[in-house]
Amino acid sequence: MNSFIIRSFVRRSGRVTLAQQRALETLWPRYGVPASQTSLDLQELFGRTAAKHLEIGFGMGDTLVNMAKTHPEYDYLGIDVYRPGVGRLLLQLEANQLSNVRVFCADAVEVLQYQLTVSSLDNVYLFFPDPWPRKRHHKRRLVQPEFIQLLAQRMKAGGYLYLATDWQDYAQQMLSVLETSPDFINSVATGGFAPSAAPVERPLTKFEQRGLRLGNKVWNLLYQRQ
Ligand SMILES: C[S@@+](CC[C@H](N)C(=O)[O-])C[C@H]1O[C@@H](n2cnc3c(N)ncnc32)[C@H](O)[C@@H]1O
């Protein structure tokens with residue numbers, strides 16, 4: 001059992017708009033998955049057999065909606081703890097009449113530990129996880145060996161793990177954690193970082209756009225579960 005804890009977020013209260021609040025009340029029963037310590041049957045949850053993809057820390061949800069719209073043949077799970085973002089995602093799911101997305105408002109580490117089962121996921125996306133720039137906070141970063149081992153256990157062989165960050169020092173940490181993992185192989189033939197996020201249809205996220213405006217570089221990583 002992987003019973004480690006990573007405090008990768010602080011509970012931000014954030015302003016929930018009226019529309020988001022309404023969504024959290026009325027749309028949650030349709031798309032939301034309550035946090036629990038009971039394992040889930042994903043085929044039952046979506047009512048069909050289809051590849052299952054997970055986005056961890058979807059923020060405001062734009063990437064998730066974009067992927068789900070582009071690939072109605074796949075099912076998507078999104079996890080975030082930020083209520084305004086969850087509300088906004090719910091509104092977008094309804095506006096786009098998407099039936100292939102389910103949402104958790106919970107700690108991704110716990111969802112992976114308790115609710116998602118071994119070999120249940122195809123692809124996993126982790127875009128711009130909180131960088132925790134101070135050295136004494138590095139232990140709060142999600143990408144570290146225990147977490148990557150847990151992800152590997154929940155993924156199927158052949159599935160892809162996509163990561164992106166605009167924080168160089170975190171990018172190096174991601175690379176070193178994944179290069180030393182026995183469970184993943186780098187999909188870039190030459191090794192190192194991926195040239196771009198090209199294999200995934202994703203719009204630039206808000207964080208990415210702001211970073212790029214400030215002249216930040218973005219590092220992408222693409223690994224395959226062995
Ligand atoms: C820097 S933001 C990036 C959001 C989005 N991926 C983007 O690129 O715009 C990181 C997100 O991860 C979420 N997060 C951090 N740790 C988490 C955890 N353990 N479980 C779920 N969500 C988490 C935060 O609430 C936040 O929305």
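Predicted model: local features only at pLDDT ≥ 70, side-chain atom pairs only at ≥ 80, totals over all residues.
I started with Lys 206, which sits in helix α9, residues 206-213.

The unreviewed entry puts a "binding site" feature at Asp 166, Thr 205, Lys 206, Phe 207 and Glu 208. Why do I say they gather at one spot? They span 43 residues in sequence, but no two of their C-alpha atoms are more than 12.1 Å apart, so one spot it is. I also looked at the largest pocket: from this set, its lining includes Thr 205, Lys 206 and Phe 207.

On to Asp 166. I found it in the loop between β5 (160-165) and α8 (168-179). Skipping neighbours within four places in sequence, I listed what Asp 166 is in contact with: Phe 128, Phe 207, Gly 211, Asn 216, Lys 217, Val 218 and Trp 219. Phe 207 is also one of the annotated positions in the UniProt entry.

Which residues touch the most other members of the largest nonpolar core? I got Leu 54, Ile 56, Leu 112, Leu 121, Phe 147, Ile 148 and Leu 161, out of 38 residues in that core. With neighbours within four places in sequence left aside, Ile 148 is in contact with Val 143, Leu 161, Val 177, Leu 178, Ser 181 and Phe 184. Another core, of 26 residues, lies apart from that one, and I noted Leu 24, Phe 58, Val 103 and Phe 128 among its members. Phe 128 had already turned up as a contact of Asp 166.

Note on methods
Residues numbered from 1 in each chain as written. Heavy atoms only, no water. Core = buried A, V, L, I, M, F, W, Y, C linked by side-chain atoms within 4.5 Å. Buried < 20%, exposed > 50% of the residue type's maximum accessible area, 1.4 Å probe, protein only. Contact = heavy atoms within 4.5 Å. UniProt positions renumbered as here; feature names shortened; annotations may be inferred. 1 Å grid on protein atoms, 1.4 Å probe; cavity = no way out; pocket = protein on both sides within 12 Å on 5 of 7 lines; lining within 4 Å. Helix = DSSP H or I, 4+ residues; strand = E, 2+ residues; numbered from the N terminus.
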